[in-house]
Amino acid sequence: MSTKNTPRTPFVGGNWKMNTNASEGAALIRSIVDGLGSTSVDVAVYPPFVYIREIAAITNGSSVQVGAQDLYHASNGAFTGEISTDMLKDCSVSTVLTGHSERRHVLQETNELVNQKTKAALNAGLTTVLCIGETLDQREHGKTDAVNEAQIRSGLDGVSKADLSNLIIAYEPVWAIGTGMTATPDDAQDAHHAIRELIANMYDQDAADAIRIIYGGSMKPANAGELLAMPDIDGGLIGGASLVAGDFGAIIEAANVRAATLVG
């Protein structure tokens with residue numbers, strides 16, 4: 001499959017993970033909003049659950065979406081500590097992460113649970129970022145594409161082509177998250193291209209050309225431009241760099257350059 005120069009709107013999400021307190025989070029999001037200006041990029045932040053309402057109040061009226069780092073697939077009930085899609089939407093959440101590597105590898109979430117969460121998020125109308133990616137051992141044994149395929153096929157089991165319009169795939173090589181290591185632009189492009197070919201095989205070419213596939217492995221201002229210049233990399237899921245407003249803004253600007261290139 002040859003990649004089309006399809007004008008997919010870049011998506012840049014900032015995953016704050018278990019970082020910030022109330023005052024730090026408020027200051028960070030104010031700086032992000034104030035520095036954003038006009039943008040051709042979809043921008044979202046994923047703060048800790050307990051600060052979502054406060055962050056959403058500050059982003060109100062801006063182009064920054066507020067997301068959640070996780071959810072539970074049931075609508076309500078005796079699930080201590082869990083959060084439903086209705087609760088998230090009640091807090092002005094419009095997007096959510098599923099299958100993040102830390103949920104899979106630290107908290108031992110299964111492919112089946114990731115699939116249940118993904119379908120629940122899509123059914124609720126939330127923009128869903130399905131995270132997939134291989135460990136260093138899997139990469140060294142040449143299993144990158146096989147691992148990504150298995151996680152995508154299981155994650156999208158029962159997901160229709162129509163649902164894909166509200167789905168983003170985040171390729172996040174586990175070995176490059178928080179380590180300072182980053183896949184080379186060519187290596188990242190190869191993985192993204194294979195993912196797009198897989199979507200064409202699972203659904204059809206139109207679905208593959210339309211779906212956004214973003215990179216989530218230590219993207220930062222120094223490498224964002226090179227990564228986002230790749231034809232199949234449609235944005236980034238940013239960890240550490242999203243906690244510094246200037247760095248996050250620089251990555252968004254790199255994505256704006258990509259958007260302008262696609263339109264041009």
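Modeller: A74 is found in the loop between β3 (64–68) and α3 (85–90). Helices (H or I, at least four residues) and strands (E, at least two) are DSSP runs, numbered from the N terminus. This is a predicted model, where local features need pLDDT of at least 70, side-chain atom pairs count only at pLDDT 80 or more, and totals for chains, interfaces and linings use all residues. Residues are numbered from 1 along each chain as its sequence is written, and side-chain values use heavy atoms, with hydrogens and water left out.

Biologist: Does A74 count as buried or exposed?

Modeller: Buried means under 20% relative accessible area, exposed over 50%, partly exposed in between (1.4 Å probe, protein chains only). A74 has 18% relative accessibility, so A74 counts as buried.

Biologist: Which residues does A74 touch, not counting residues up to four places away in sequence?

Modeller: Contact means heavy atoms within 4.5 Å. With residues up to four places away in sequence left out, A74 touches F79 and S84.

Biologist: Why is the pair of Y72 and F79 called tilted?

Modeller: Rings of Phe, Tyr and Trp (its six-membered ring) pair if their centres lie within 6.5 Å; planes under 30 degrees apart count as stacked, over 60 as edge-to-face and the rest as tilted. The structure holds two aromatic pairs. In Y72 and F79 the ring centres are 4.9 Å apart and the planes stand at 45°, so the pair is tilted.

Biologist: How many residues apart are Y171 and Y215?

Modeller: Y171 and Y215 form a tilted aromatic pair, 6.2 Å centre to centre with 55° between the planes. Y171 is buried at 0% relative accessibility, and Y215 is buried at 0% as well. The pair links distant parts of the chain: Y171 lies in strand β6 (residues 167–171) and Y215 in strand β7 (residues 212–215), a separation of 44 residues.

Biologist: Which residues lie nearest the centre of the largest pocket?

Modeller: A pocket is an open set of points on a 1 Å grid over the protein atoms alone, where a 1.4 Å probe fits, with protein on both sides within 12 Å along at least five of seven lines; lining residues have an atom within 4 Å of a point. The largest pocket is lined by 15 residues, and nearest its centre lie K17, F49, Q69, D70 and R103.
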